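Hello,

Here is the structure I said I would pass on. My notes follow below it.

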Amino acid sequence: MRERMTRRNFVQIGGLGALGLTLPDLLWATDTHRSAAPARSAILIWLNGGLSHHDSFDPKPDALPEIRGEYAPIATSVAGVHVAESLPHLSRKMHHLAVIRSVTHQNAAHDAGQAHMLSGYNFGPGHNYPSIGAVVGYERGPRGGLPPFIAVPSEGSAYMHAGHLGSAHNAFAVGGDPSMPGFSVRDVEEPAPISAARSLRRQHLLEQVDEEFRQIDTSGVLRAMDQFTARAYDLIRSPSARAALDLERVDGRTRDQYGRTTLGQSCLLARRLVEAGVPFVTVSANDWDHHQDLYPRLESPAMLPALDRGFAALVEDLHQRGMLESTIVVLMTEFGRTPRINGMRGRDHWSRAFSVAFCGGGVRGGQLIGASDAEGAFPRSRPVTPEDLAHSIYVLLGIDPERELPSASGRRIQIVRNGQMIRELTS
């Protein structure tokens, strides 16, 4: 939603000189000057545990062996830009990607890092901020019988929740493993003997029973359950929604292009869901916390090979279908890994510099944004914070990051604070 020039904006203009800002800066921040239409959907590929930036998007070939690791750099489709040899498929899609090599924060513990990256808020105990996906789902609402925020195959992190927006806005997790034969989404198919009329009678009976409890419910839990139930019935009754979730309808060649892995088939399902109108889909992959035996683990079929093939196929598929301009794809993780390989041949947690990749949704591909130093330890230029990442995703989706949303306490809370648009993404 584009922001109008309000009284608040004019008040801000009065303080521009003191802040060192210009009118063009303000226009950028409020997104009033962008001519391109906002992206309609977003896919977040979330690697739970911490992707090693040295061994993927930010190789350091001139560093000491214990820093550079085992992967050599390879050329990409963009002259002068290299990635690790572990990403051969993505190297050929670099002209679509904008890789930020200077993401930084100070939360090197999993919980704190995930909370910060997934919400854009650096929060601790006692705070409950919603994830980016939950905010987008809340703002956009459901379409075509499908929930507005879907997690494939699961939430992946405890911090993928809706926070103060209420549990009714949590992600709908499809469950299961999309790569397995006979995969189906839980709770979508009714048992064959149950007719549509009987299903409707059951729904009405449930509503009558709930009405008794609703009179005394003050926690909001029942209201959340009501909304979950309504979404489940929408899924069951909507042929288009059920079709989007059915990978058996996809030809074998397309499925092979994504790779017959959980991550690859999850990327394929995410494409089908945004094609059906879902505003925000998260693809989550676990087990990226490699404190030991880094290279055997990274090279296992479910890790870098699955990411490389699945992400690259998603980008190409969206491009071929004319959907890339209207769909943002973001690859994120809670932090990177330590510059030096430890005594167990692994890398430990490191949040001071790591990489995030964007493409689609109006993002200018074929570029690197920022840089880490010679060891990949700290930003050398253009540091980017989780607040900046969240702010930019909202702006690309046409959502005002400064808008205030309600909370259970009645207090209104800004979508994200202290972030700035990463201008290079679209300039």
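**What I found**

Arg 271 is part of helix 12. Please keep in mind that this is a predicted model. Is Arg 271 buried or exposed? Its relative accessibility is 2%, and the cut-off for buried is under 20%, so Arg 271 counts as buried. Beyond the four places on either side in sequence, Arg 271 is in contact with Ile 43, Thr 254, Tyr 258, Leu 314, Asp 317, Leu 318, Arg 321 and Met 323.

**The helix pair**

Helix 12 covers residues 262-275 and helix 14 covers residues 304-320. They pack at an angle of about 20°, and their axes are 8 Å apart. Angles under 35 degrees count as roughly parallel, so helix 12 is roughly parallel to helix 14. Their crossing is right-handed.

Which residues make the contact? From helix 12 they are Leu 263, Gly 264, Cys 267, Leu 268, Arg 271 and Val 274. From helix 14 they are Ala 306, Leu 307, Gly 310, Phe 311, Leu 314, Asp 317 and Leu 318. By class, that contact has 9 nonpolar, 2 polar and 2 charged residues.

**The cores**

In soluble globular proteins, nonpolar side chains tend to be buried together. The largest nonpolar core here has 60 residues. Ile 45, Phe 57, Leu 273 and Phe 311 touch the most other members. Helix 14 gives this core its largest share, 9 residues.

Leaving aside neighbours within four places in sequence, Phe 311 is in contact with Ile 45, Leu 90, Leu 97, Cys 267, Ala 306, Val 329, Leu 331, Ala 357 and Cys 359.

Another core lies apart from the largest one. This other core has 45 residues, including Met 117, Ala 134, Phe 335 and Ile 415.

**A loop residue**

Where is Val 81? It sits in the loop between strand 2 (73-75) and strand 3 (82-84). At 9% relative accessibility, under the 20% cut-off, Val 81 counts as buried. With neighbours within four places in sequence left out, its contacts are Ile 74, Ala 75, Thr 76, Met 94 and Leu 368. Val 81 and Asp 58 are 23 residues apart along the chain, and their C-alpha atoms are separated by 9.9 Å.

Best wishes

Conventions: Residues numbered from 1 in each chain as written. Predicted model: local features only at pLDDT ≥ 70, side-chain atom pairs only at ≥ 80, totals over all residues. Heavy atoms only, no water. Axes fitted to C-alpha atoms, helices over the stretch in contact; angles between N-to-C directions. Helix = DSSP H or I, 4+ residues; strand = E, 2+ residues; numbered from the N terminus. Parallel < 35°, antiparallel > 145°, perpendicular 65-115°, else oblique. Left-handed = near helix turned anticlockwise from the far one by under 90°. Contact = heavy atoms within 4.5 Å. Nonpolar A, V, L, I, M, F, W, Y, C, P; charged D, E, K, R; others polar. Buried < 20%, exposed > 50% of the residue type's maximum accessible area, 1.4 Å probe, protein only. Core = buried A, V, L, I, M, F, W, Y, C linked by side-chain atoms within 4.5 Å.
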